[in-house]
Amino acid sequence: MARVQLVIRDEDRNRYYYQARQEGMTLSAWLRAAADERLERNSKIQPFDSIEDIEAFFVKCDSLQTDGAEPDWEQHLSVLDEVLRQGGSST
């Protein structure tokens with residue numbers, strides 16, 4: 001098995017360690033699981049092959065829209081700020 005050295009901020013190490021313990025894992029196991037999940041998620045992303053694929057994608061998105069009002073821009077920014085304050089990713 002290979003050994004990898006990782007340089008991270010102390011605060012990040014503490015957050016990762018705490019989360020690993022919450023999930024009943026070692027830090028190493030938790031980091032491997034996180035990396036595996038990311039690889040799995042990214043392997044499912046298929047690029048568009050043509051303009052027709054892109055157009056079909058947007059047609060499908062339009063068909064999923066509801067008649068409800070979309071949140072205003074300030075509400076979107078508020079949600080993004082909260083996620084970033086909690087150390088998460090908005091994507």
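The legends below describe close-up views of charged side chains in a predicted model.

Local features in this predicted model need pLDDT of at least 70, side-chain atom pairs count only at pLDDT 80 or more, and totals for chains, interfaces and linings use all residues. Residues are numbered from 1 along each chain as its sequence is written, and side-chain values use heavy atoms, with hydrogens and water left out.

**View A. Arg9, Asp12 and Arg15 are linked in a network of salt bridges.** A salt bridge is taken as a side-chain nitrogen of Lys or Arg within 4 Å of a carboxyl oxygen of Asp or Glu, and the structure holds 4 of them. Arg9 and Asp12 meet through their side chains at 3.0 Å, N to O, while the closest N and O atoms of Asp12 and Arg15 are 3.1 Å apart. Asp12 is buried, with a relative accessibility of 12%, whereas Arg9 is exposed at 54% and Arg15 is partly exposed at 40%; here buried means under 20% relative accessible area, exposed over 50%, and partly exposed in between, for a 1.4 Å probe and protein chains only. Asp12 and Arg15 both belong to helix H1 (residues 10-22), where they lie 3 residues apart, about one turn of the helix; helices are DSSP runs (H or I) of at least four residues, numbered from the N terminus.

View B. Glu82 is partly exposed, with a relative accessible area of 33%, whereas Arg85 is exposed, with 62%.

**View C. Asp49, Glu52, Asp53 and Glu55 form a negative surface patch.** Such a patch is made of residues with over 30% relative accessible area and no salt bridge, like charges being joined within 9 Å; accessible areas come from the Shrake-Rupley method with a 1.4 Å probe, and for residues only the protein chains shown count as cover. Asp and Glu count as negative, and Lys and Arg as positive, with His and the chain ends not counted, and the place of a charge is taken as CG of Asp, CD of Glu, NZ of Lys or CZ of Arg.

Methods: Helix = DSSP H or I, 4+ residues; strand = E, 2+ residues; numbered from the N terminus. Patch = residues over 30% accessible without salt bridge, like charges linked within 9 Å, V, L, I, M, F, W, Y side chains within 5 Å.
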